[in-house]
Amino acid sequence: MGFAEELRSSCAADWDAAVGHEFVDGLLDGSLPDPVLRHYLVQDYQFCDAFVALLGQAVASAPSLASRLVFSKVLGAFAADENSYFQDCFEELAVAEAEWNSPELTAATRDFDALMRRALDTRSYPDVLAVLLVAEWLYGDWAARAGEPGSWPAAPKHAEWIRLHNNPEYNGWVTWLREEFDAVEPADPAVRARVAATFTEAVRLERAFFDSAVAAH
Ligand SMILES: Cc1ncc(CN)c(N)n1
């Protein structure tokens with residue numbers, strides 16, 4: 001078993017709770033109430049700030065041009081497709097700029113932001129990868145529950161969020177991240193423990209992030 005799978009198994013309870021969350025159920029069958037989606041997207045746009053910074057740090061910390069280019073491509077995709085998704089939803093759900101730009105953060109968003117900025121500060125490739133891997137792999141897992149596009153909900157606000165995390169390119173990116181993480185498994189026990197703790201905390205916060213969106217309404 002590789003390092004990634006070992007860590008995922010060690011926090012399977014939080015992982016499975018996030019992947020099988022009622023927020024995800026509602027997104028997949030199109031029954032998610034707009035106020036819940038709205039709350040989630042406003043908070044998630046704040047999550048994206050440190051997440052994009054982390055992708056930038058990955059470009060800087062990666063050991064080769066080949067790896068830097070993978071992150072660069074993902075950064076480009078975020079700036080195009082994913083940012084447009086948020087902006088389209090904010091328009092549809094009548095979220096004013098002041099709200100999507102500087103909302104009051106929930107504890108889950110604040111804690112996730114702090115975790116990402118701590119990983120950023122290390123400038124260490126395995127630490128940076130640990131957060132990126134959790135965020136992308138766990139999202140790929142819940143989105144895989146959607147099955148084939150023919151069975152996705154009709155509304156773009158639901159279907160597009162699924163599509164962004166369930167398509168061949170995205171799946172390839174997650175597989176690549178997992179292999180990259182396995183390849184840089186730290187030999188030093190102290191660093192390994194730190195990376196494992198970061199991974200575990202990120203999984204806990206993914207679950208808390210969905211809990212928080214559902215609990216707010
Ligand atoms: C909280 C969270 N985690 C992960 C993702 C997927 N990048 C996201 N958009 N938001």
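This note goes through a few features of the predicted model above, point by point.

1. The nonpolar core. The largest nonpolar core holds 54 residues, and among these Val131 and Val134 touch the most other members. The element that gives the most to this core is helix α8, which spans residues 125-144 and supplies 14 residues.

2. The surroundings of valine 134. Which residues does valine 134 contact once its neighbours within four places in sequence are left aside? They are Phe199, Ala202, Val203 and Glu206.

3. The pairing of α2 and α11.

4. On the side of α2, the residues involved are Asp14, Trp15, Ala17 and Ala18, and they meet Val203, Arg204, Glu206, Arg207 and Phe210 in α11. Sorted by class, this contact has 5 nonpolar and 4 charged residues, with no polar ones.

5. Alanine 94. This residue has a positive phi, near 55°, although alanine 94 is a residue other than glycine. Alanine 94 lies in the loop between α5 (65-92) and α6 (97-101). Is alanine 94 buried or exposed? A residue counts as exposed if 12 or fewer other C-beta atoms lie within 10 Å of its own, and alanine 94, with 9 such atoms, is therefore exposed.

6. Arginine 123. Here too the residue is not a glycine, and yet the phi of arginine 123 is positive, at about 55°. Its place is in the loop between α7 (107-122) and α8. Arginine 123 is exposed, because 11 other C-beta atoms lie within 10 Å.

7. Glutamate 148. The loop between α8 and α9 (156-165) is where glutamate 148 is found. Glutamate 148 has 7 other C-beta atoms within 10 Å, so it is exposed. How many residues separate glutamate 148 from leucine 205 in sequence, and what is the distance between them in space? They are 57 residues apart along the chain, and their C-alpha atoms are 28 Å apart.

Notes. Residues are numbered from 1 along each chain as its sequence is written. This is a predicted model: local features need pLDDT of at least 70, side-chain atom pairs count only at pLDDT 80 or more; totals for chains, interfaces and linings use all residues. A nonpolar core is a set of buried Ala, Val, Leu, Ile, Met, Phe, Trp, Tyr and Cys residues joined through C-beta atoms within 7 Å. A residue is buried if 20 or more other C-beta atoms lie within 10 Å of its own, exposed if 12 or fewer, and partly exposed in between; C-beta atoms are placed from the backbone. Helices (H or I, at least four residues) and strands (E, at least two) are DSSP runs, numbered from the N terminus. Two residues are in contact if their C-beta atoms, placed from the backbone, lie within 7 Å. Ala, Val, Leu, Ile, Met, Phe, Trp, Tyr, Cys and Pro count as nonpolar, Asp, Glu, Lys and Arg as charged, and the others, Gly among them, as polar.
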